[in-house]
Amino acid sequence: MRPPRPEMSNTTPPPLNVPRKPAAPVRVAARLLGLGAVIGLASVVFRVLNQDTQLTYLRRTAGGVESGVPQSEIELVALVAFWGTIGLLVIVFLIQAILIGPLQRGKGWVRWVLLGLLVPNLLGLLLASAFLSDDTPGLQLTPLLLIAQVVLAVVAVLTMLLPAATRWFRQMRAESRG
């Protein structure tokens, strides 16, 4: 004999949808993106902490290009070059870090945004090599950290495009449609 069926109630919570664990390539890509964002932000912080020497170098370089320019314009050029490059890099790294969450929840569009984000990421690397490094001999930390960040971002995007990741994104999209 079957027990009586419970009465209908509005207080009964709906069944929970247990979030699915991301596929291995997606987890790896998320870790690479996170590590890349941390490395990139660390390079920016390092350069901002040493901004006086960098701004002095930029002023000297800008003054050497055109000798008849007033000092106030040279100062403006140096500040725009330095802070513009820093701003671009920070925006790219923050967007990259913010997109890790939706990526792990199965939002496939994030892959294409991150693929497009490689362009400003590479542009930031080129600007940083021009404006955030100087002529001192030896190892310069900021460009090396930014190169590592770009390599991590490229590897992460390629990892997200692997067949196993694509299958997982398709399954997540099919499940969300119901």
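In which hand, left or right, does α3 pass α5? The crossing of α3 past α5 is left-handed, a term that applies when the near helix is turned anticlockwise from the far one by less than a right angle, with clockwise giving right-handed. The model is predicted, so local features need pLDDT of at least 70 and side-chain atom pairs count only at pLDDT 80 or more, while totals for chains, interfaces and linings use all residues. Residues are numbered from 1 along each chain as its sequence is written, and side-chain values use heavy atoms, with hydrogens and water left out.

**Helix pairs**

Helices here are DSSP runs (H or I, at least four residues), numbered from the N terminus. Axes are lines fitted to C-alpha atoms over the stretch in contact, and angles run from 0 to 180 degrees between N-to-C directions.

| Pair | Axis separation | Angle |
|---|---|---|
| α3 and α5 | within 9 Å | roughly 150 degrees |
| α1 and α3 | 9 Å | about 160 degrees |

Because angles over 145 degrees count as roughly antiparallel, α3 is roughly antiparallel to α5. The contact (heavy atoms within 4.5 Å) between this pair includes Leu88, Leu89, Val92 and Phe93 of α3, which face a set in α5 that includes Leu114, Leu117, Leu127 and Phe131.

By class, the contact of α1 with α3 has 13 nonpolar, three polar and one charged residues.

**The nonpolar core**

The largest nonpolar core has 38 residues, and those with the most contacts inside it are Val26, Leu33, Leu89, Leu103, Leu114 and Met160. Such a core is a set of buried Ala, Val, Leu, Ile, Met, Phe, Trp, Tyr and Cys residues joined through side-chain atoms within 4.5 Å. The elements giving two or more residues to this core are α1 (24–49), α2 (51–65), α3 (71–98), α4 (100–104), α5 (109–131), α6 (141–160) and α7 (163–177). Leaving aside neighbours within four places in sequence, Leu114 is in contact with Leu33, Gln96, Leu99, Val157 and Met160.

Relative accessible area sorts residues into buried (under 20%), exposed (over 50%) and partly exposed in between, using a 1.4 Å probe and protein chains only. Gln140, which lies in the loop between α5 and α6, counts as buried at 15% relative accessibility. Beyond its neighbours within four places in sequence, Gln140 is in contact with Ser133, Asp134 and Asp135, and its C-alpha atom is 9.9 Å from that of Ser129, eleven residues apart in sequence.

Leu122 lies in helix α5 and, at 42% relative accessibility, counts as partly exposed. The C-alpha atoms of Leu122 and Met160 are separated by 19 Å, the two residues being 38 residues apart along the chain.

Arg20 is placed in the segment before α1 and is partly exposed, with a relative accessible area of 34%. Not counting residues up to four places away in sequence, Arg20 touches Trp168, Gln171, Met172 and Glu175.

How values were computed
Angles under 35 degrees count as roughly parallel, over 145 as roughly antiparallel, 65 to 115 as roughly perpendicular and the rest as oblique. Ala, Val, Leu, Ile, Met, Phe, Trp, Tyr, Cys and Pro count as nonpolar, Asp, Glu, Lys and Arg as charged, and the others, Gly among them, as polar.
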